[in-house]
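I opened a notebook page for this chain. The entries below follow the order in which I looked things up.

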Amino acid sequence: MSTKEFKRAARIILVGAPGVGKGTQAERLMKRYPQLSAVSSGDLLREGVRNRTPLGLEAEAFIKAGNLVPDEMILKLILDKLKSNRWVSTQSSVTDPSLAQPSKNPSASFILDGFPRTSTQAARLDSLIPINLVVSIITPVNIILSRIASRWVHAPSGRVYNTDFNAPKVPGKDDITGEPLTKRADDDEETWKQRLKKFDETSQPLLDHYDRKNVLWTVKGNSSNEITPKLFQELDSRFA
């Protein structure tokens with residue numbers, strides 16, 4: 001795969017139903033555009049808890065109490081990461097968004113994963129570091145359900161196989177260890193139908209928010225291989 005250089009900073013969010021292949025697209029984008037990094041709110045949270053940082057300890061208290069980590073805390077985690085990378089001013093704070101001054105340098109490009117999930121969260125993020133491309137990835141529900149039906153995992157390592165397009169070398173066995181593959185407990189059709197329905201209900205206000213900001217772009221396809229070239233073409237035209 002040939003690589004491309006960005007001419008300006010790309011700040012991207014990928015939105016799509018569970019099973020559309022957001023992770024696959026993010027990996028391919030980072031290979032194609034070496035200046036692009038992944039910023040995952042979930043990873044930052046786990047890292048903070050593991051390293052016993054002040055924010056991590058605060059977040060852990062919420063998690064242990066069975067509560068959601070507040071938006072303010074997630075925003076602080078994201079902002080701390082952007083500050084440590086010098087992608088925003090080191091003077092910036094969640095309480096005074098005017099100080100953020102996001103870098104226009106192409107090396108300050110990232111894909112933000114896991115946040116925002118609501119239009120309220122998106123509005124808070126806008127005030128700190130405006131996202132300049134939101135990609136809505138759409139794959140028909142019947143295709144997603146078919147993928148899930150064909151999905152097998154090696155639980156100890158987390159390796160994922162699909163009998164349709166990423167089959168194990170030996171049916172039912174992990175390529176590396178030879179151990180048996182299993183189905184995830186929640187990989188049944190009814191559970192997935194409910195998840196997809198909930199995604200549709202909760203994602204629309206988020207997409208509407210970014211549509212009003214004129215940064216929403218929609219791509220449709222039945223497979224990751226069908227979607228990737230369209231995605232590359234769009235990013236080339238916007239940022240490269």
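I began with a loop residue: N214 sits in the loop between α7 and β7 (216–220). Helices and strands here are DSSP runs (H or I, at least four residues, for helices; E, at least two, for strands), numbered from the N terminus. N214 is not a glycine, yet its phi is positive, about 60 degrees. I list N214 as exposed because its relative accessible area is 67%; buried means under 20%, exposed over 50%, and partly exposed in between, with a 1.4 Å probe and protein chains only.

Ground rules, noted once. The model is predicted, so local features need pLDDT of at least 70 and side-chain atom pairs count only at pLDDT 80 or more, while totals for chains, interfaces and linings use all residues. Residues are numbered from 1 along each chain as its sequence is written, and side-chain values use heavy atoms, with hydrogens and water left out.

I then looked up R86, in the loop between α4 and β3. R86 is not a glycine either, and its phi is positive at about 65 degrees. Its relative accessibility is 61%, so R86 counts as exposed.

Next, the whole chain. I found eight helices and seven strands in the protein chain. The radius of gyration is 19 Å, close to the 18 Å from the globule rule for 240 residues, so the chain is as compact as a globular protein of that length. That radius is taken over C-alpha atoms, and the rule is 2.2 Å times the number of residues to the power 0.38. Along the principal axes, the C-alpha atoms fill a box of roughly 55 × 45 × 35 Å. Of the 240 residues, 42% count as buried. The accessible surface comes to about 12,900 Å², and carbon and sulfur atoms hold 52% of it; areas come from the Shrake-Rupley method with a 1.4 Å probe. For contacts (heavy atoms within 4.5 Å) with a separation of 6 or more, residues 24 or more positions apart account for 69%.

Which residues does Y210 contact, leaving aside its neighbours within four places in sequence? I found I13, P116, A122, L125, D126, I131, V134, V215 and L216. Y210 lies in helix α7 (residues 189–212) and counts as buried because its relative accessibility is 1%. I also noted S119, 91 residues from Y210 in sequence but 8.4 Å away in space, C-alpha to C-alpha.

The bond between F115 and P116 is a cis peptide bond, with omega about 0 degrees. P116 belongs to the loop between β3 (109–113) and α5 (119–128).

E60 was looked up next, in helix α3 (residues 54–64). E60 counts as buried because its relative accessibility is 15%. Beyond its neighbours within four places in sequence, E60 contacts V49 and R52.

Last, the second largest pocket, with a volume of about 280 Å³. A pocket is an open set of points on a 1 Å grid over the protein atoms alone where a 1.4 Å probe fits, with protein on both sides within 12 Å along at least five of seven lines; lining residues have an atom within 4 Å of a point. The volume is the space filled by probe spheres set on the points, which are joined across faces, edges and corners. I listed 13 lining residues, with L68, V69, D71, I74 and Q121 nearest the centre. α2 (41–50) and α4 (71–84) each supply at least two residues of the lining.
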